Amino acid sequence: MTCSLLILNGSAPGTTLRLDTTKTEFTIGRHRTRDLQLDDERVSRLHAKICYQSGNWHMEDCGSTNGTVVNSQSVDHSILEAGDLIRIGDRLILFVKNTSDETPDSAEPIQFNSTKLFGRIPSDGDPVDSSLATTMSRVVRDLTVLCRLANQLHQRSSTSSLVSVAVEALVDGIAADTVSGWLVGPDGRLRRVADWGNDDESGDDHLLASLAVEKNEVIRLENPIRSVEETIDDVQELMATDAGLAIGIPIPGRDTCRGAIECRRLPDRKPFSSSDLDFSVVVAHQTGSALENLEHRERLEQANQELRQRIHSQTSLTGTSPSMQNVLDQIARVGPTDSTVLILGESGTGKELVARSIHDLSRHSEGPFIAVNCAAFSESLLESELFGHEAGAFTGADRRRLGQFERAHRGTIFLDEVGEMTSSCQAKLLRLLEGHPFERVGGQETVSVSVRVVAATHRDLADLARQGKFREDLFYRLRVIDMHLPPLRERDDDVIELAAQFLDHFIRQIGRGPRRLSQIALDAIRRYEWPGNVRELKNSVERAVVLSRSDEIMPIDLGIPQIDTGTEDPPELIPLKDAERKHIDYVLWKVGGNKTEACRVLGISRATLYAKLNDD
């Protein structure tokens, strides 16, 4: 069975090109030598070609300026099926199967009987049924306008421009003299967001739109309403008519009517037909769906932005000490490059935060950030976790699983505790860092990824390499750039800044807790060694926020030992007021924050205690 290309619009709708399987290819373009010539300036001289291969018709774009679209998808090559709608420039072309296999003597475009459907007169001079011609011409025109509307609605990024597109479609589709689009505002009132053809006097009249929104159904009036003062006692009777000179179409929403579109014709013209009403309803429904999608996308973008800001505030590096400023300077220099980075430091110093900061500054920042703790997997599972596996690769592998390297494609992968990696994983990682593809466990298909690798460890990799427990070549490949994170005990007053930051974070998260760190708690935080580094400090502050019973955090709330100051140098000379405050803090710490017991020990009233605590 042969096929044909049928032009649906333009200056010669109904022009048909029969495709002959015996011919090598058929060309489409603006030049007169093409097998199918299109009279459109957006069409290239040689725009596309169609070939018959292996039992199928193939469409191929010939490097055109504006591209070729098949079923709303831009394509370079596509296998055509019956009913496919092709758009080249502004011309719509339908790919159809012929009902007859008769082959004409030439491959020139011919005027099939389908041209009768567009109101043409056959060559023998016999007239065509005008109603059928009008109906089919209307169908083609409506389809063209609706296709263009769907494409433009998808491209709009504001409600006003979106409704304006719908108004323009109604002007083209039903030939209205005036069209205006109204949306329900936050205060429940209608506001005009788009209009066409209205003068200044009638532009604010939205009685018809108000009725459509109120009743949530199409309003049809035989005579156009001239002003809002005009009586409409007979609206129900007028709504029963099949046609009218003014129509109001509600714009549907998910839960309620979002607005309405008014369309009017002058009294000396024919009224709107039922087909006009059907077309208008379709446009209004497409507009309502597009508005819902636009608002949903805006909500998602806002939520995504807020989430990014929240994550950034929680994962941003804090510190003004010289050692930390040196780390931040290294991150600023390394981040924009593609170099592999090895982060060294004790557990809990924030190696993952550094890796994420490097990712945020890199060209991979829009891609995923994948963190893998190599010490958390057994030797048999780590390779599968990193590189994935095929179904049947081992017991329990009932399906293919993508590895973390594939998931991190066009992003960054952070390999924490890389010193715990198995020898087989080390070999695969080395090949990947050298630019080679890899295979999933149990598979033969090669996989190539574009990933930036950031590794971290608290162990001495150089010593492990000397002992033969870590590949020396991988060690040097990982440490293209190495960064050393200082422990918390070497970061001066950064510990106080971090503690205050964690306190504010957990108060917001839990919704309650002490408002400040007491002076004795600050002294204890400064003196404590913090062997668990930043992670231990964060956990201690969270514990204090949850368990503290007073407005101030005491050392006992943090769960850190009290520092014995008996062997220290004599205390500095301070005012009596400061000494009194320190003694009060000490008593509160000893009684576990119990203010009643503290008042008993100090021999003062509760009001006096609060006054002294609040006296800054």
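Visitor: Hi! Which residue in β2 stands opposite leucine 5?
Guide: Leucine 17 is the one in β2 that stands opposite leucine 5. Keep in mind that this is a predicted model.

Visitor: Thanks! And how many bridges join β1 to β2?
Guide: Four bridges link β1 with β2, which covers residues 15–19, and the two strands run antiparallel.

Visitor: What does leucine 5 stand opposite in β11?
Guide: There it stands opposite phenylalanine 95. Strand β11 spans residues 91–97 and pairs with β1 over five bridges, again in the antiparallel sense.

Visitor: Is β1 mostly covered or mostly open?
Guide: Mostly covered: five of the five residues in β1, residues 3–7, are buried.

Visitor: Which residues sit on which side?
Guide: Cys3, Leu5 and Ile7 are on one side, with Ser4 and Leu6 on the other, and both faces are covered. In a regular strand, side chains alternate between the two faces of the sheet.

Visitor: New topic: where is serine 450?
Guide: Serine 450 is in the loop between β22 (446–447) and β23 (451–457).

Visitor: What does serine 450 contact, beyond its neighbours within four places in sequence?
Guide: His364, Ala408, His409, Arg410 and Gly411 are its contacts once those neighbours are left aside.

Visitor: What separates the C-alpha atoms of serine 450 and glycine 411?
Guide: They are 7.4 Å apart, while the two residues are 39 residues apart along the chain.

Notes: Residues are numbered from 1 along each chain as its sequence is written. This is a predicted model: local features need pLDDT of at least 70, side-chain atom pairs count only at pLDDT 80 or more; totals for chains, interfaces and linings use all residues. Side-chain values use heavy atoms; hydrogens and water are left out. Contact means heavy atoms within 4.5 Å. Buried means under 20% relative accessible area, exposed over 50%, partly exposed in between (1.4 Å probe, protein chains only). Two strands pair if DSSP finds at least two bridges between them.
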